[in-house]
Structure formats: structure tokens, C-alpha cells
Amino acid sequence: MNASYINLSIWQLGFASLLIVANLAISVWLRLGLARSLLVASVRMTVQLLLVGFILESIFALRTPLPVIGIGLVMAALASAAAVRRTRRRFRGIYWNSLLSVLGAAFAVTGAALAGIINVHPWFAPQYAIPVLGMVLGNLLTGVSLALDRFMEGVARESDVIEADLALGATRWEAAHPLIVETMRTALIPTINAMMVMGIVSLPGMMTGQMLAGASPAAAVRYQIIIMFMIAAATALGTLGVTLLAFRSLFNAQHQLCTGRLRTIGRTTKE
């Protein structure tokens, strides 16, 4: 496919910003009270993306792995923290649990795919590693957040049932197993739903971006399939990891449920 990439100017971005006027008009007309939020969100998004673009241009020019690994670690740390901030109930060490789960799942799956499937040379090539890791982390964040919220809410709500099972001789794993199963199902549903309708209801951003850049649809589809398998694997591994770590934190070795370790935050923070 010989399509050429169309480079957008700052003036074209300026014209595109006029599209937000439709949102503002609806907000004013219906008195939604969202005009200020829309403006702040638009400015924040634009500044953040322009800043990221500037930083990535510098990193893409480098030929050493340390900066790539460094920015990957920062991305993983921010994603794991955001996952925790979206939960209402927390326990000591939850941030470390989230970081270990997100970091382990994202880096393992991304590294294996780049080196063993896509065969990127060198393996840390930033134009591949950083965007792919970002897509994996963005979806993994949702899974980890749902898992944490579902598991801890379940422990708080079903504590009487769990403690009754433990009192009747069940091990901590036997008592918590139904909740762990339900947690995993809840966390994986968004990924499964996205895979079910992909290509029929929605065209993913990566595939669309590649075609806009001149790649053939067939090549863009192959990349997107690989990315979705990566997202599914990382989400499963990350949510399983964070669920099991939460399980170990709230159930002690004496097969007791430690609800006293849970604390409730005033309100859930939505990013």
C-alpha cells in the first residue's frame, strides 16, 4: 500500500479543537455544568500529549536500553498507583501488591512478544517497546482495578459467610475460592467483551493509526491481533497476581480472615 503519511500542522490541531464547541454548546444549552470540566480536560489532554510527544521524540532517537526501561518503569508505577486509587477499600501494602502485579505481567508479556513473536531488533527499540507497553498497561490497569475492588468489597460483604466456612474447617483457600473465581471473572469481562466485537463493532486505535500511517490493512490487522492477545494474557496474569496477593494479605497462615486489615477511603478516586 503506497499511501503517504499526512503530517498535521499546529493550525490543523487548532481547527480540530473547534470540535469541542459542540460539547460546550450542549452543556450550556442543557445546563449540565460541564463546560469548565470540558475545557480543563481538553487543555490537560492537549498539554499532556504534546509533552509526551516531545519526550518520546528524544527517547526514540536513543540507542541504549536504560532510558527505555526507565520510562517503562515509570509508566508501570503510574498505572499501578492509578489502579489502587480507583478502589474504596485498601490494606497495608496494596500499592506494592499492585506494582508487582502490573510490573511483572506487563514486562513479561511485552518482553516475550517483542523478542519472541514480533522479533524486534534490538529488543528495546523504543518505537515498538514504549507504545506496545503503553497499550498493555492501559488495559491491565482496568483489570487490576476491577480485581482489587471486587475482591475487597466481596471480603467485606461476605465476611460472615467466609468466617463460618473457616469455623467449619475449611482452609483459607477453600473459603476464599468462590470469591477469587468471581473476582477473576469480573476483571476479565472487559477484555473478553472488547475481543468479541473487535473488527465488527469497533476498529481499534492501533490498527487505525497504522493504516493512517500508510500500512496495509492486512499488516495492521496482524499487529492488532498480536496486541489483543498480549493484552488478554497480561490482564489475566496481572489480575491473578494482585488477587492472590490480596488474598495472602487478608487471610493469615492460621486460616483466619483478617478484616481488621481493611480500611475504607472516603470516596473512590476516578481518573
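**Exercise 1.** Which helices each supply at least two residues of the lining of the second largest pocket?

Solution. The model is predicted: local features need pLDDT of at least 70, side-chain atom pairs count only at pLDDT 80 or more, and totals for chains, interfaces and linings use all residues. Residues are numbered from 1 along each chain as its sequence is written, and side-chain values use heavy atoms, without hydrogens and water.

Step 1. A pocket is an open set of points on a 1 Å grid over the protein atoms alone, with protein on both sides within 12 Å along at least five of seven lines; lining residues have an atom within 4 Å of a point.

Step 2. Helices are DSSP runs (H or I, at least four residues), as strands are (E, at least two), numbered from the N terminus. The helices asked for are α1, α3 and α9 (205–212). With seven residues, α3 gives the most to this lining.

Step 3. The lining has 21 residues, and L8, L13, A16, M45 and L49 lie nearest the centre. It divides into 14 nonpolar, seven polar and no charged residues. Here Ala, Val, Leu, Ile, Met, Phe, Trp, Tyr, Cys and Pro count as nonpolar, Asp, Glu, Lys and Arg as charged, and the others, Gly among them, as polar.

**Exercise 2.** Describe the lining of the largest pocket.

Solution. Step 1. There are 27 lining residues, with Q48, L49, V52, M75 and L78 nearest the centre.

Step 2. α3, α4 (65–85) and α6 each supply at least two of the lining residues; the largest share, 11 residues, is from α3.

Step 3. By class, the lining holds 17 nonpolar, four polar and six charged residues.

**Exercise 3.** Locate the backbone exceptions.

Solution. Step 1. Most residues other than glycine have a negative phi, and most peptide bonds are trans.

Step 2. The bond between H121 and P122 is cis, with omega about -10°. P122 sits in the loop between α5 (94–117) and α6 (126–157).

Step 3. R31, not a glycine, has a positive phi of about 55° and lies in the loop between α2 (20–30) and α3 (35–60). H255 has a positive phi near 60°, in the loop between α10 (217–250) and β2 (263–264).

Step 4. Is R31 buried or exposed? The cut-offs are under 20% relative accessible area for buried, over 50% for exposed and in between for partly exposed (1.4 Å probe, protein chains only). R31 is exposed because its relative accessible area is 77%; H255, at 34%, is partly exposed.

Methods:
On a 1 Å grid over the protein atoms alone, a cavity is a set of points where a 1.4 Å probe fits but cannot get out, and a pocket is an open set with protein on both sides within 12 Å along at least five of seven lines; lining residues have an atom within 4 Å of a point.
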